[in-house]
Every structure is written in structure tokens, then in C-alpha cells.
Amino acid sequence: MTSLDRLITLFSKLPGIGKKSATRIAYFILKSDAAVAKGLADAMIDLKQTIRPCRVCGNYSEQDICGVCSDRRRDQSVICVVEQPQDVAVLEASHEYNGLYHVLNGVLAPLDGVGPEQLNIAKLVSRVRNGEVAEIILATNPTVEGDTTALYIHTLFKESQVRVSRLALGLPVGGDLEYADKLTLARSLRGRTNF
Ligand SMILES: [Zn+2]
């Protein structure tokens, strides 16, 4: 395989990039200065070396503990549970939420071998047990897996004093949090319902 073919194959594996786009990008890099290729390669390596999961919530962070978790001005009594780190970015951009987050890193999918142990759930339980948490907002996506995961987490806190609510209102069924606009998110947050 030539180095060009290799790059095209690698790019085709990226989300949203088909063979055609992969080929176009690879030729673009080939035509560009060596500095462009080096800049891209360095940025990708830096990303993997400097960003890691926050020790508390699992969100991406350049520090051991992320900016949200270490900000005492944020409401420590609410934890919003999301599937992926990019969901945190979406909710932050809405400027409607001032609590904390917890990133599951996926959803329950027994057929694909993803059970509770594969997700960042045990840490959520200990956070709630040891913290001053009064409410958990389940903001998993309104998909079958997202709903199943929310239901599972809800059962874990059924006997506790913690209020468990679900953020799904207004979000299109099957739609990802990632693609929701700010207004929809704001409405979903304000209109969240008890589980
Ligand atoms: Zn954090």
C-alpha cells in the first residue's frame, strides 16, 4: 500500500468522512507544504498527550480535575449525567446549566457487550453517596439505549433521597443531544420531569 492509500484508508475511518472526502483531504495534504502535514500530525499527538478524563466526572480535561469540577461557584447539588464528553460542551454552550456533570462514556448495549461495568457508573454512585448531591439529571439521548441506561441509573438511586429527573422533553425522539439547538436545550432543562 502506498503512503497515499494508507492515509486515504485512515481518513475514511473518521466519522462523517467517506472515501471521496478522504481522498480529497489526502490529496490536499500532499499538495500542501510539509508544515501543514506536520502541524496536523503534531496537533493530533498533542491532543492525545495533554487531554485526559477528569478524575471526578470523566469529562475531557488538560488538568487532573476539570474546570467544571474545580469551580466552587457551580451548583454542587446537581449532577447532569451525559453519554459523551461532547455533550458537556453542548450543554455548556447553552449557558442554561450551572451544576456539575458526569460522563458515562457510552450507553448500555448488552448485545455489544457494554454492561454497567464498562461505563463510568460506579464512580457516579460514589460521588452521589459522598457528596452533597440533591438531584441527578439524566441527559442520555432519547434513543432505546439512552432510555435503558437512564432507567438503569434511576433504579440505582430509587431508595435514596436524591431527586432523579430526565432531560428529554422537547428533544426530538432519536435525536442526539449533540445536534439540539440552544433553545431546545434550555427548554428541556427547565422543563425536566421527575423520573
Ligand atoms: Zn470534572
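**Zinc site.** I looked up the protein donors of the zinc ion and found Cys54 (SG), Cys57 (SG), Cys66 (SG) and Cys69 (SG), lying 2.3 Å from it. I took donors as N, O and S atoms within 2.8 Å of the metal (3.2 Å for Na, K and Ca); water is not among the atoms, so sites may look incomplete. The model is predicted: local features need pLDDT of at least 70, side-chain atom pairs count only at pLDDT 80 or more, and totals for chains, interfaces and linings use all residues. Residues are numbered from 1 along each chain as its sequence is written, and side-chain values use heavy atoms, with hydrogens and water left out.

I then checked the geometry: the 4 donor atoms subtend angles of 105 to 115° around the zinc ion, so the arrangement is tetrahedral. For four donors, that term requires all angles to lie between 85 and 135 degrees. The ideal angle for four tetrahedral donors is 109.5 degrees. Along the chain, the zinc donors follow the spacing C-x2-C-x8-C-x2-C.

Cys54 is buried, at 2% relative accessible area, and Cys57 is buried at 1%. Buried means under 20% relative accessible area, exposed over 50%, and partly exposed in between (1.4 Å probe, protein chains only).

**Nonpolar patch.** I noted a nonpolar surface patch of about 360 Å², made by Phe28, Val36, Leu40 and Met44. Patch residues have over 30% relative accessible area and no salt bridge; like charges are joined within 9 Å, and nonpolar side chains (Val, Leu, Ile, Met, Phe, Trp, Tyr) within 5 Å. A salt bridge is a side-chain nitrogen of Lys or Arg within 4 Å of a carboxyl oxygen of Asp or Glu. Helix α3 (residues 34-50) gives the most to this patch, with 3 residues. Leu40 is located in helix α3 and counts as partly exposed, at 38% relative accessibility.

**Sheet.** I traced an open sheet of 5 strands in the order β4-β3-β5-β6-β7, with mixed pairing. The edges are β4 (100-103) and β7 (193-194); each has a single partner strand, so one side of each is left without a neighbour in the sheet. Two strands pair if DSSP finds at least two bridges between them. Strand β3 (residues 78-82) pairs with β4 in the parallel sense over 4 bridges. I recorded Tyr101 in β4 as the bridge partner of Cys80.

**Whole chain.** I listed 7 helices and 7 strands in the protein chain. These are DSSP runs numbered from the N terminus: helices (H or I) of at least four residues, strands (E) of at least two.

How values were computed: Areas by Shrake-Rupley, 256 points an atom, 1.4 Å probe, with all protein chains shown as cover. Tetrahedral: all angles 85-135°; square planar, octahedral: opposite > 155°, others 65-115°.
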